[in-house]
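Hi everyone, thanks for making time.

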Amino acid sequence: MVHGTGRRIRKATSAEGAGESGLAKLIELHALNSFGDMLITVALASTIFFSVPTGEARGRVSLYLLITMAPFALLAPVIGPLLDRLPHGRRAAMAMSMLARAVLAWTMAGVVTGGGLALYPEALGVLVASKAYGVVRSVVVPRLLPSRLSLVKANSRVTLAGLLATGVAAGVGGLLHLIGPGWPLRGAFLVFVIGTLMAFHLPHAVDSAKGEQRALLHAEMHGGVHGERAPEDARAPKASLRTVGPSVILALRAMSALRWLVGFLVMFLAFLLRDEPIGGLRPTLALGLVALAAGTGNALGSVLGSWLRTRGPEATVTAMLLLATGATAAAALWYGVVTVVLVAGVAGVAASLGKLSLDALIQRDVPEAVRTSAFARSETLLQLSWVAGGAVGILLPLNGVLGLSVAAGVVGLMLLWTVRTLFRVGLRRRPTAPRVA
């Protein structure tokens, strides 16, 4: 049965040329990554959120998230250029993110029972390593793209594999937790050790930068005009975000707002529903419903992504931001079980479809020679937005109406900015021609 299941999984991941290009190995690695992350989540659910008093837990997570966010903010403008200049070590980078989580999972297994202070920096270290993996994985996908697949469809397939693995891991983690609170973490250790070895078995194309150049997400030339030669020190480009084209910038801003919202909801609702369950539900049941809605929305967005990829990505990402704003505002106005579950599901759909739309715009408007670099820089910004949203979610008072009103205000302002830009940009049919460096 195991052999037959493995054959069917390999057949599914290798379809449409993914086996020949090496994308199938990345899909399997990402599924393993999601499986391990979920095992850690299951192990920590009963410690960080339930065994420690709410005020104390929020204080600890706030402190360490802010400490973690500081180096993240400093590294955000560095990771993209670093990947540009060191394009041959991405298999090693993915392996190191797996190995770091394996070590942290094994270490946490020894202290998870008491829920001590040492657990928090280790848990947030796992979060940072997971986000770092996400940046590198996004960069790697274009290098393994089969000729028969679009970039959006390939990303959708990778995402779906991760979601399916997460669902299986939730059940496995629950069974391991019955043996003891440290066993899901020991399982995660084993998963990430296997993932470390699998990362080095990715195709050599992952570490090949042949034909690639660096993308400047925004650049302004100073000095000469009308063809005049500017002085040597005045012609250096100033890094900014415009050379990839206005449509990509529109989608990047909208996706940053959606990632901010997801990070906010994860942290805010995790503590809010534990402290003040809605509708008379038990905290575990309320959190389970919200998590199920978010996961279902994420999967639905991935399924719909391939169908919508040719139907105006600018309009799609704007519509997703509008949908998320409306759902968040409704949850603030009519706070209850239905609206909270709804906003979690809508945020999942919006973030998933918005990311696929951003991928489509990068594929359409950014030349192939600089596309990998553009993915590295955009993904870094999105990960930082998630961390920023999580920090705000922890720092706000545990008041559902207040928190969701703040969230609706933030995404609403970004919606207005996005709509204004959309009217200026319009729906482009032909790719732009960004400058490269």
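**A walk through the helices**

Let's start with α7, which has 29 residues and reaches 42 Å from its first C-alpha to its last, close to the 42 Å expected at 1.5 Å a residue. That expected span is 1.5 Å times one less than the number of residues. And helices here are DSSP runs (H or I, at least four residues), numbered from the N terminus.

Quick housekeeping: this is a predicted model, where local features need pLDDT of at least 70 and side-chain atom pairs count only at pLDDT 80 or more, while totals for chains, interfaces and linings use all residues. Residues are numbered from 1 along each chain as its sequence is written, and side-chain values use heavy atoms, with hydrogens and water left out.

Back to α7: its buried residues include L151, N155, R157, V158 and G173. Buried means under 20% relative accessible area, exposed means over 50%, and partly exposed is in between, with a 1.4 Å probe and protein chains only.

Two of those residues, N155 and V158, are in contact with R137, as are L26, H30 and M94, leaving aside neighbours within four places in sequence. Contact means heavy atoms within 4.5 Å. R137 sits in helix α6, residues 119-140. Is R137 buried or exposed? At 15% relative accessibility, R137 counts as buried.

Next up is α8, residues 183-200, with 18 residues and a reach of 27 Å, close to the 26 Å expected. Its buried residues, among them L185, A188 and F192, pack against α3 (23-45), α5 and α7 (151-179). Those three also turn up as contacts of I40, along with A105, M108 and V126, again skipping neighbours within four places in sequence.

I40 brings us to the largest nonpolar core, which has 103 residues; L23, L26, I40 and M94 have the most contacts inside it. Helix α9 (residues 246-275) gives the most to this core, with 18 residues. A nonpolar core is a set of buried Ala, Val, Leu, Ile, Met, Phe, Trp, Tyr and Cys residues joined through side-chain atoms within 4.5 Å.

Now for the outside. M96 is in helix α5, residues 90-109, and M96 is exposed, with a relative accessible area of 51%.

Last stop: V338, found in helix α12, residues 337-365. V338 counts as exposed because its relative accessibility is 65%. V338 and G279 are 59 residues apart in sequence and 9.2 Å apart in space, C-alpha to C-alpha.

Technical notes:
Helices (H or I, at least four residues) and strands (E, at least two) are DSSP runs, numbered from the N terminus.
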